[in-house]
Amino acid sequence: MPVAVFVLGFAIFCLNTTEVMVAGLLPSLSDGLDVSITAAGNLVTVFALGMVFGGPPLTLLLMRAPRKTALVWMMVLFLAGQTLGALATAYWAMVIARVVTALATAAFFGLAASVCAGLVSPDRTGRALAIVFGGFMVANVFGLPLATLIDQLMGWRAAFWAVDILVALCLALVLFTIKRAPAPRGLDVRSELSAFRSGRLWGAFATNALLIGGVFATFAYLSPVLTKVAGFSEGIVPLLFVLYGVGTVIGNIVLGRLADAHTLRVLWLGGAVLAVLLSLYALVASGQALSLVALFLLGFTGLPLNPAMASRVMRLSNSGALINTMNTAAVCAGITVGTWLAGVGIDAFGYRAPMWAGALLALGALATLLLARITDRHHVERGRPAPAPADLESAASA
């Protein structure tokens with residue numbers, strides 16, 4: 001596997017740490033910015049919204065730029081936003097910081113996935129993407145708990161500065177290890193946009209949004225769930241996040257290898273497991289031993305679905321940066337809905353609500369997969385073009 005693939009994975013780790021670490025900083029951010037826990041949790045939603053509405057337009061502006069140049073400038077933009085967050089003394093300033101870092105992250109994710117797909121043969125795309133998206137998993141194993149620990153020792157601002165340092169280091173690695181990646185020659189924006197006429201593609205976007213939205217509905221509020229429902233002390237929370245993160249790494253290794261050959265089977269099984277797991281977690285959340293099991297399984301089954309989700313989208317369209325950024329935007333739309341639904345549920349029903357919200361969204365993802373299967377069969381029966389390879393698996397496994 002090319003070294004550049006691993007560098008891109010490290011870059012994703014650096015940027016994604018900012019997205020996920022808010023889950024471990026909620027109490028400190030609530031106190032430091034003088035807002036409620038729910039308002040602090042909405043910073044996850046703000047980040048997701050920034051990626052939804054800002055990422056695709058920014059990617060369009062960057063489509064004719066050399067890929068390496070675009071990657072570098074997005075990291076510089078991220079550094080500016082992260083620094084603003086570290087210096088923020090008011091909630092509105094933190095909101096702006098989250099939007100800026102979200103814009104840079106969304107565009108970077110799409111560019112990184114596109115560059116990654118061009119570095120390997122088509123039959124190895126899923127494995128390469130598993131390494132790049134493995135940055136998500138490592139962010140949960142090391143980034144989230146480390147940020148939580150830094151917060152407990154030195155405050156939440158120190159956690160923000162730590163990410164700033166990591167991103168600066170990663171920027172240097174990108175500059176010196178990734179070869180010049182020019183923009184595709186003969187780029188036709190209209191041709192890129194024509195891919196969005198596919199109903200199957202939008203169905204895949206919907207599946208991805210609901211699956212990750214279900215994961216984040218619970219993930220965004222894990223810290224108060226673990227302390228207020230399960231009764232764990234705040235000091236042990238970083239170690240619990242490590243357990244969750246270890247689950248994501250192991251899951252990424254297992255599911256990443258299956259993403260190319262068994263794309264839809266991975267998504268079907270992952271959605272079903274999530275729906276059952278989150279429902280059971282809501283029922284046993286007060287038990288510490290069972291909470292540990294649920295944490296590991298949530299890590300194993302949730303974010304590691306990313307390679308299969310991305311692989312399906314590319315098979316249904318192309319591997320361009322715009323498609324990948326739109327996929328990221330769709331996922332973030334799901335995160336927005338999931339965290340909002342969880343926050344509303346907490347206000348109305350308490351801290352078990354996020355798991356119920358997540359289970360509901362996972363069931364929605366299964367419904368989109370079922371609809372795709374029914375639609376593809378209908379097309380085949382009427383003599384229309386056969387489904388894309390990823391969707392043929394659906395019919396074959398019926």
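Student: Which helix gives the largest share of the lining of the largest cavity?
Tutor: Helix 15, with six residues. Helices here are DSSP runs of H or I, at least four residues, numbered from the N terminus. Lining residues have an atom within 4 Å of a cavity point; a cavity is a set of points on a 1 Å grid over the protein atoms alone where a 1.4 Å probe fits but cannot get out.

Student: What's the volume of the largest cavity?
Tutor: About 180 Å³. Volume is the space filled by probe spheres set on the points, which are joined across faces, edges and corners.

Student: Which residues are closest to its centre?
Tutor: Phe-109, Phe-136, Asn-306, Thr-328 and Val-331, out of 18 lining residues. Elements giving two or more residues to this lining include helix 4 (91–119) and helix 14 (306–316).

Student: How many cavities of 30 Å³ or more are there in the whole structure?
Tutor: The search finds one.

Student: Is the model predicted or experimental?
Tutor: Predicted: local features need pLDDT of at least 70, side-chain atom pairs count only at pLDDT 80 or more, and totals for chains, interfaces and linings use all residues. Residues are numbered from 1 along each chain as its sequence is written, and side-chain values use heavy atoms, leaving out hydrogens and water.

Student: New topic. What's the secondary structure of the chain?
Tutor: The chain has 17 helices and zero strands (E runs of at least two residues).

Student: How much of the chain is buried?
Tutor: 58% of its 398 residues. Buried means under 20% relative accessible area, with a 1.4 Å probe and protein chains only.

Notes. Buried means under 20% relative accessible area, exposed over 50%, partly exposed in between (1.4 Å probe, protein chains only). On a 1 Å grid over the protein atoms alone, a cavity is a set of points where a 1.4 Å probe fits but cannot get out, and a pocket is an open set with protein on both sides within 12 Å along at least five of seven lines; lining residues have an atom within 4 Å of a point.
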